[in-house]
Amino acid sequence: MRTIEWDDDRDCVAMVDQTRLPAEFTTYHAETVTQLVESIQRLRVRGAPALGAAGAFGVALAARERSADTLPSLREGVHADADRIAAARPTAVNLSREVEALRSVVDDADSAAALRERTLDRAKAVADADVKRNRAIGDHGATLLEDGWTVLTHCNAGALATVDWGTALGVVYSARAAGKRVSVVATETRPLNQGSRITTVELADRGVEVTLVPDSASGRCLQRGTVDAVIVGADRVVLDGGSFGDGGVVFNKVGTYNHAVLAARHDVPFVVAAPTSTIDADSSADDVEIEERDPAELRYLGDRRNAPDDVPVYNPAFDATPTELVDYLVTERGVFEPPLARETLLPAVANVHLPKPTLTRRSRVVALRVSPTSNSGP
């Protein structure tokens, strides 16, 4: 199944429950807007593109859940639910953007029946478009990779972060579909270990050779020359860097900035793969809210206390990477080279294709070949 889709039989939103991975692959059905919002906040569904689809399906769900005597009162109720959905996670722009797009469908409908039918049709179209975009991102990005390369990735930007196929991991899947042998180093990724719980499961299921490392070991891997490229996704790419400087800024899972700095230090290409729907041409980096997670995620490991309860905790879910550290931005419309500032990224939104570059292979590449029983590490 797709990561998130509409269940026509139950007339509600169905999604892979990612909180149950890796122990169990199961489906969760959100039959109310409250359940959908909770699913977004609990990360049953996560990843910027998948959240965009969740936002669209959420508006369609609101239109079905709401009962109203008049069309104006139905619209009012759906808009109220749309506010709740859009605010469920503030950093990823796709969620609020797709919710806003559905508002116009709500306002244009001339009857309650049309409102319910058209919001669902639009939501399904959003999901289908995401799959098509991700395939294009993968195909463009695959041209950057050479046979035998090892890619380091952070968090999960694969099929489970999108409706299907993925962004950063979509590049890997497309490269393999083109006949290239590509292996992956996956960081565990705090918070919630989305790299170890989700990325490794997804890659293993697709037959991709993957080695799990702690977030803090990425520098060691790059230092040893066992990584040929770092590829990550993005929750939002802003064009106005604000206090970060003249260029743009990539907001992605916390730890991305660390990997970008280390990649620059070791002359390893740092690639961001994301749909143009993630590019925010209207906001400054200073305006983007960084979501903070529950301190208990660091104070406890399951039910076991991992730190004193009175120790202050700073647990951001995302960080900010200036685009001066990004070597290539891969979108469904092509591969973009530096400088990744407004004059470069605005054409991406305007559907202007740029020529595809080729990454330079480093002379000291060492293939990553770690057996399951090896203690040497990547």
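**Loops, core and cavity**

Modeller: Pro191 is found in the loop between strand S5 (183-187) and helix H7 (194-205). Helices (H or I, at least four residues) and strands (E, at least two) are DSSP runs, numbered from the N terminus. The model is predicted, with local features needing pLDDT of at least 70 and side-chain atom pairs pLDDT 80 or more, while totals for chains, interfaces and linings use all residues. Residues are numbered from 1 along each chain as its sequence is written, and side-chain values use heavy atoms, without hydrogens and water.

Biologist: What kind of peptide bond joins Arg190 and Pro191?

Modeller: The bond is cis, with omega about -10 degrees. Another cis bond runs from Leu21 to Pro22, where omega is near 5 degrees; Pro22 is in the loop between S2 and S3. Most peptide bonds are trans, and most residues other than glycine have a negative phi.

Biologist: Why does Thr189 count as buried, and what is Leu192 called at 25%?

Modeller: Buried means under 20% relative accessible area, exposed over 50%, and partly exposed in between (1.4 Å probe, protein chains only). Thr189 has 0% relative accessibility, so Thr189 is buried. Leu192, at 25%, therefore counts as partly exposed.

Biologist: What makes the pair of Trp165 and Tyr173 edge-to-face?

Modeller: Rings of Phe, Tyr and Trp (its six-membered ring) pair if their centres lie within 6.5 Å; planes under 30 degrees apart count as stacked, over 60 as edge-to-face and the rest as tilted. The centres of these two rings are 5.6 Å apart and the planes stand at 65 degrees, so the pair is edge-to-face. Trp165 is buried, at 10%, and Tyr173 is buried, at 5%. The whole structure holds two aromatic pairs.

Biologist: What makes a set of residues a nonpolar core?

Modeller: Such a core consists of buried Ala, Val, Leu, Ile, Met, Phe, Trp, Tyr and Cys residues joined through side-chain atoms within 4.5 Å. The largest has 46 residues, and Ile4, Val13 and Ile40 have the most contacts inside it. Elements giving two or more residues include strand S1 (4-7), strand S2 (12-16) and helix H2 (48-65). H2 gives the most, with 12 residues. Apart from this core lies another, of 25 residues, among them Trp149 and Val182.

Biologist: Which residues does Val13 touch?

Modeller: Contact means heavy atoms within 4.5 Å. Leaving out residues up to four places away in sequence, Val13 touches several, including Ile4, Trp6, Leu36 and Phe57.

Biologist: What makes a space a cavity?

Modeller: On a 1 Å grid over the protein atoms alone, a cavity is a set of points where a 1.4 Å probe fits but cannot get out, and lining residues have an atom within 4 Å of a point. The structure holds one cavity of 30 Å³ or more, and the largest cavity contains about 180 Å³ of space, a volume being the space filled by probe spheres set on the points. Of its 21 lining residues, Gly47, Ala48, Asn156, Asp235 and Asn252 are the closest to the centre. H2 and strand S9 (249-253) each supply at least two lining residues.

Conventions: 1 Å grid on protein atoms, 1.4 Å probe; cavity = no way out; pocket = protein on both sides within 12 Å on 5 of 7 lines; lining within 4 Å.
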